[in-house]
Amino acid sequence: MVTGKKSKLGSNVAIGILAFMSLAWIFPILWTLYQSLRPYGDVLRKGYVSWPEHLNLHNYWAALVQSQMWKYFINSAEVAIPAVFLTLFLASMVAFVVSRYSFKFNVALLMIFTAGNLLPPQLIFIPIFRLYLHIWVPSWVNENNVLYDTQLGLILIHVAIQVGFATFVLSNYLRTVPKEISESAMVDGASVWQHYWKVILPLLRPALASLGVLMTTWIYNDFFWAVVLLKTGDKRPITAALSNLQGEFFTDYNLLAAGAVLAFIPTLIVFFVLRKQFVAGLTIGSTKG
Amino acid sequence: MSNSTKVAEATGRKARRGRKNAFTSKDRAVIAGLVGGPTLLHIVFVWLPAIATILLSFCQWDGIGGINNITWVGFKNFTQIWTLYADFKVALRNNVLWLLVFGLIATPLGVILAYYIDKNLKGTKFYQTAFYMPLILSLAVTGIVWDYIFRVNGLVNSLLGKDTTHAIAFFGDPHKNIWVVLGIASWRHIGYMMLLYLAGMKSVDPSLREASAIDGAGEWYTFRKVIFPSLRPVNVIVVVVTIIEALRAFDLVYIINRGKNGLQVLAVAVYENILGESARIGWGAALATILFLLCLGPIMVYLYQNFKRID
């Protein structure tokens with residue numbers, strides 16, 4: 001039983017190293033949390049590295065109410081929710097057609113969608129930026145009557161890019177679903193639309209959940225497009241607005257810490273509630289060759 | 001293999017039959033709409049702009065006049081970037097460094113972590129969660145979080161006993177800051193790699209491992225000869241993801257110092273030439289085209305990996 005002892009020791013060492021690394025990994029986040037609970041006055045007197053004198057939620061109140069951070073959360077919801085639903089809806093339609101009917105263009109189409117999603121955003125942003133300055137929108141969308149500096153424009157670009165990845169994933173998923181289910185729908189004389197709406201969409205539910213979680217996180221966390229396409233600070237989602245707060249309140253870093261923690265909370269909740277879907281979403285395409 | 005051909009045959013059979021019996025003109029219109037709408041959106045907002053950028057990279061345009069002010073200049077933008085634009089070489093070097101650190105340090109560390117987490121040791125859920133945390137954090141928040149560690153009056157300088165005048169400028173020193181940023185980026189990338197490899201290892205046939213263990217093979221031997229070969233699809237995805245992430249780097253450096261003073265990267269250089277003080281659209285487009293050419297290899301590999309079986 002020499003090997004047994006040896007592997008026992010080995011696994012204890014491994015546990016020790018893993019535990020230490022895990023704590024080191026989350027330490028910066030916990031440190032930010034700690035600073036967010038301290039009044040700036042304390043830090044000013046004693047420095048960032050000091051024992052707490054007061055710990056309270058004042059910074060959170062100040063960030064949400066005084067700096068009106070709640071507005072940016074609403075902006076985030078206004079962008080992410082329609083963008084995710086629209087992406088999943090459009091992608092599921094394409095995935096349905098290419099996986100249930102065989103047309104010559106199917107593979108080429110899927111390749112266009114898949115590759116489009118991998119293009120660097122910088123390659124498409126120059127003409128998009130110019131185009132947005134010229135696309136007319138009604139005044140109730142934007143008083144300047146252009147698509148630039150509107151949340152609608154931001155939603156559109158997110159949908160256009162993410163639909164590539166979503167189509168790829170959903171059509172892969174549908175390929176693993178037995179065709180017999182569809183065959184019986186055809187025998188029953190269902191129209192194409194009924195086939196999609198009544199048969200395929202319910203089948204896709206697990207894949208839509210994983211993708212939805214992943215895309216919500218991506219779009220919520222997006223920084224580049226929000227900064228490039230939204231000029232007005234008040235229209236920006238929380239992730240991009242944080243850099244404004246950084247400028248505005250650069251004297252009060254504890255307030256900024258509270259802002260950062262607040263911005264992190266929604267994704268944290270999504271992660272803990274739908275962890276399985278999140279991990280499944282990120283590993284799509286890597287376990288099946 | 002045989003399975004997928006069977007599936008393809010079934011689809012073909014069904015479609016042929018379908019076309020004869022079930023496709024009314026209304027159905028045909030619905031199919032056209034289902035595919036056409038999303039495709040149009042994707043092409044108009046992604047592919048046409050991409051092609052326009054590549055064309056613009058051979059043109060000169062100050063961006064003020066209309067599109068009739070665009071003049072064709074051939075490869076001038078590319079030669080000018082190489083000879084006149086000092087930031088370009090720094091940016092290119094930084095992107096290459098990014099790739100090397102991701103590929104040679106972060107990815108192997110992710111493999112090692114995945115290997116030990118896959119053993120389901122005590123507390124494995126906690127370790128996984130800890131390493132996933134940076135992945136759900138936006139890069140904007142990541143920048144703020146690490147700022148508290150490395151700022152002049154932050155944790156590291158305080159622990160070293162340096163006051164603000166003698167503090168180490170982790171973000172300000174152009175010789176140091178890229179390494180600090182690469183460390184932060186790796187903090188995130190290691191977790192991503194761990195996640196991908198862990199999923200791959202979970203799908204390795206357990207009986208293969210048992211057989212190897214019964215044969216008396218050592219751990220390292222089992223990993224090399226049994227586990228690693230079956231991770232091939234993961235490896236391809238990892239290579240693609242690593243290259244594309246390294247080339248896309250933007251948010252983190254932009255948050256820290258707008259990608260200046262030692263933190264230049266290609267993605268920021270594109271941004272600077274379009275929205276910065278000097279609008280040199282030709283240069284910006286040329287830089288974006290270079291970025292695209294660097295991404296082209298991994299994109300092809302990804303397409304090949306995923307579509308070779310469908311054809």
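**Notes on the predicted model**

1. In this predicted model, the residues of α5(A) that meet α7(A) are A:Leu110, A:Phe113, A:Thr114, A:Gly116 and A:Asn117, and their counterparts in α7(A) are A:Ile161, A:Val163, A:Gly164, A:Phe165, A:Thr167, A:Phe168 and A:Ser171. The residues of this contact divide into six nonpolar and six polar, with no charged residue among them.

2. As to the geometry of that pair, helix α5 of chain A spans residues 106-118 and helix α7 of chain A spans residues 151-175, and their axes come within 7 Å and cross at roughly 130 degrees. The crossing of α5(A) and α7(A) is left-handed.

3. Chain A as a whole contains 14 helices and zero strands, so that the pattern read along its sequence is α-α-α-α-α-α-α-α-α-α-α-α-α-α. The radius of gyration of chain A is 24 Å, whereas the globule rule gives 19 Å for 289 residues, and the chain is therefore more spread out than a compact globule. Taken along the principal axes, the C-alpha atoms of chain A fill a box of roughly 80 × 75 × 35 Å.

4. Of the 289 residues of chain A, 48% count as buried. Among the contacts in chain A with a separation of 6 or more, 71% are accounted for by residues 24 or more positions apart.

5. Chain B has 14 helices and two strands. Buried residues make up 42% of the 311 residues in chain B, and, among contacts in chain B between residues at least 6 apart in sequence, 68% join residues at least 24 apart.

6. How many residues does each chain bring to the contact between chain A and chain B? Chain B supplies 83 residues and chain A supplies 79 residues. On the side of chain B that touches chain A, the largest share, 18 residues, comes from helix α2 of chain B, which spans residues 25-56. The residues of that side of chain B divide into 60 nonpolar, 17 polar and six charged.

7. One residue of helix α2 of chain B may be taken as an example, namely B:Leu34. With 21 C-beta neighbours inside 10 Å, B:Leu34 counts as buried, the cut-off being 20 or more. Leaving aside its neighbours within four places in sequence, B:Leu34 is in contact with A:Met93, A:Val94, A:Phe96, A:Val97 and A:Tyr196. The C-alpha atoms of B:Leu34 and B:Thr79, which are 45 residues apart along the chain, are separated by 45 Å.

8. A second example is A:Ala263, which has its place in helix α13 of chain A, residues 253-273. A:Ala263 counts as buried, with 27 C-beta neighbours inside 10 Å. When neighbours within four places in sequence are left aside, A:Ala263 is in contact with A:Ile238, A:Thr239 and A:Leu242, and also with B:Ser138 and B:Val141. The C-alpha atoms of A:Ala263 and A:Ala241, 22 residues apart along the chain, are separated by 10.0 Å.

9. Helix α13 of chain B, residues 266-275, is mostly covered, with nine of its ten residues buried; among them are B:Leu266, B:Val268, B:Tyr271 and B:Glu272. What covers the buried residues of α13(B) includes α6 of chain A, together with α4, α11, α12 and α14 of chain B.

10. One of these covering helices, α14(B), packs against α13(B) at an angle of about 160 degrees, with the axes 8 Å apart. Angles over 145 degrees count as roughly antiparallel, and α13(B) and α14(B) are therefore roughly antiparallel to each other. The crossing in which α13(B) passes α14(B) is left-handed. B:Leu266, B:Ala267, B:Ala269, B:Val270, B:Asn273 and B:Ile274 in α13(B) meet residues of α14(B) that include B:Ile281, B:Trp283, B:Gly284 and B:Leu287, and the residues of the contact divide into eleven nonpolar, two polar and no charged.

How values were computed: Residues numbered from 1 in each chain as written. Chains lettered and ligands numbered in written order. Predicted model: local features only at pLDDT ≥ 70, side-chain atom pairs only at ≥ 80, totals over all residues. Axes fitted to C-alpha atoms, helices over the stretch in contact; angles between N-to-C directions. Helix = DSSP H or I, 4+ residues; strand = E, 2+ residues; numbered from the N terminus. Left-handed = near helix turned anticlockwise from the far one by under 90°. Contact = placed C-beta atoms within 7 Å. Nonpolar A, V, L, I, M, F, W, Y, C, P; charged D, E, K, R; others polar. Buried ≥ 20, exposed ≤ 12 C-beta atoms within 10 Å, placed from the backbone. Rg over C-alpha atoms; globule rule 2.2 N^0.38 Å. Parallel < 35°, antiparallel > 145°, perpendicular 65-115°, else oblique.
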